[in-house]
Amino acid sequence: MQLNTIYTMNFLEEYNLTGLVIGICTFLIIGLFHPLVIKGEYYFGIKIKWAFLAGGIIFTALTLLAGNVLISSFCGVTAFSCFWSIKEVAEQVERVRKGWFPANPRRKY
């Protein structure tokens, strides 16, 4: 496993692809968090912010422990996407209140 990781990193560095891969991963992670916020608020309400906080803390710790720049970047972007999602959940509650998104009929607002 370690040999494959070394080969992959050497390939990415040799062809200057590390930044491109980090950019693609960042784009995908941010794109993933948009529906997570919407669905999380729908099913769990504003309480989902605690899950995003826990995820942010966990991924921050993983960023500090990661052995290579690609994994560290992936974890760092995920951590700060979790932290940003805390703010977005509060805004999603407001968007639901305005009628821009459907409210969960099982929950009392």
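**Close-up views of a predicted helical model**

The structure holds 6 salt bridges; a salt bridge here is a side-chain nitrogen of Lys or Arg within 4 Å of a carboxyl oxygen of Asp or Glu. This is a predicted model, in which local features need pLDDT of at least 70 and side-chain atom pairs count only at pLDDT 80 or more, while totals for chains, interfaces and linings use all residues. Residues are numbered from 1 along each chain as its sequence is written, and side-chain values use heavy atoms, with hydrogens and water left out.

**View 1. Confidence along the chain.** The protein chain has an average pLDDT of 91, and 93% of the residues score at least 70. The pLDDT is the predictor's confidence in each residue, from 0 to 100. Helices (H or I, at least four residues) are DSSP runs, numbered from the N terminus.

View 2. Helix 3 (residues 48–65) has 18 residues, which at 1.5 Å a residue should span 26 Å; its end C-alpha atoms are 26 Å apart, in agreement. The expected span of a helix is 1.5 Å times one less than its number of residues. The buried residues of helix 3 are Ile-48, Phe-52, Gly-55, Gly-56 and Thr-63. They cover an arc of only 105 degrees around the axis, which puts them on the same side of helix 3. The arc is that of the directions from the helix axis to the C-beta atoms. Buried means under 20% relative accessible area, exposed over 50%, and partly exposed in between (1.4 Å probe, protein chains only). Exposed residues Trp-50, Ile-57, Leu-64 and Leu-65 sit on the face of helix 3 turned away from its buried side. Helix 2 (18–44) and helix 4 (69–98) are among the elements that cover the buried residues of helix 3.

**View 3. Helix 2 and the residue that follows.** Helix 2 has 27 residues and reaches 37 Å from its first C-alpha to its last, close to the 39 Å expected at 1.5 Å a residue. Its buried residues are Thr-18, Ile-29, Phe-33, Val-37, Ile-38, Gly-40 and Glu-41. Just after helix 2, Gly-45 has a positive phi of about 75 degrees.

**View 4. The salt bridge between Glu-41 and Arg-107.** The side chains of Glu-41 and Arg-107 form a salt bridge, with an N to O distance of 3.5 Å. This pair links distant parts of the chain: Glu-41 lies in helix 2 and Arg-107 in the segment after helix 4, 66 residues apart. Glu-41 is buried, with a relative accessible area of 1%, whereas Arg-107 is partly exposed at 22%.

View 5. Salt bridges link Lys-87, Glu-88, Glu-91 and Arg-95 in a network. Lys-87 and Glu-91 meet at 2.5 Å, N to O; being 4 residues apart in helix 4, they are separated by about one helical turn. Arg-95 and Glu-91 meet at 3.8 Å, N to O, and this pair is also 4 residues apart in helix 4, about one helical turn. An α-helix has 3.6 residues a turn, so residues three or four places apart point the same way. Lys-87 is partly exposed, with a relative accessible area of 35%, and Glu-91 is partly exposed at 32%. Arg-95 counts as buried at 18% relative accessibility.

**View 6. Surroundings of Glu-88.** Glu-88 is placed in helix 4 and counts as buried at 18% relative accessibility. Its side chain makes a polar contact with the side chain of Lys-87 at 3.4 Å. A polar contact is a pair of N or O atoms within 3.5 Å; within protein, one must be able to donate a hydrogen and the other to accept it, and residues adjacent in sequence count only if both atoms are side-chain atoms. Not counting residues up to four places away in sequence, Glu-88 touches Val-37 and Arg-95. Contact means heavy atoms within 4.5 Å.

**View 7. Thr-78 within helix 4.** Thr-78 is found in helix 4 and is buried, with a relative accessible area of 6%. A polar atom of the Thr-78 side chain lies 2.8 Å from the backbone oxygen of Phe-74. Leaving aside neighbours within four places in sequence, Thr-78 is in contact with Ile-29, Phe-33 and Phe-59.

Notes: Helix = DSSP H or I, 4+ residues; strand = E, 2+ residues; numbered from the N terminus.
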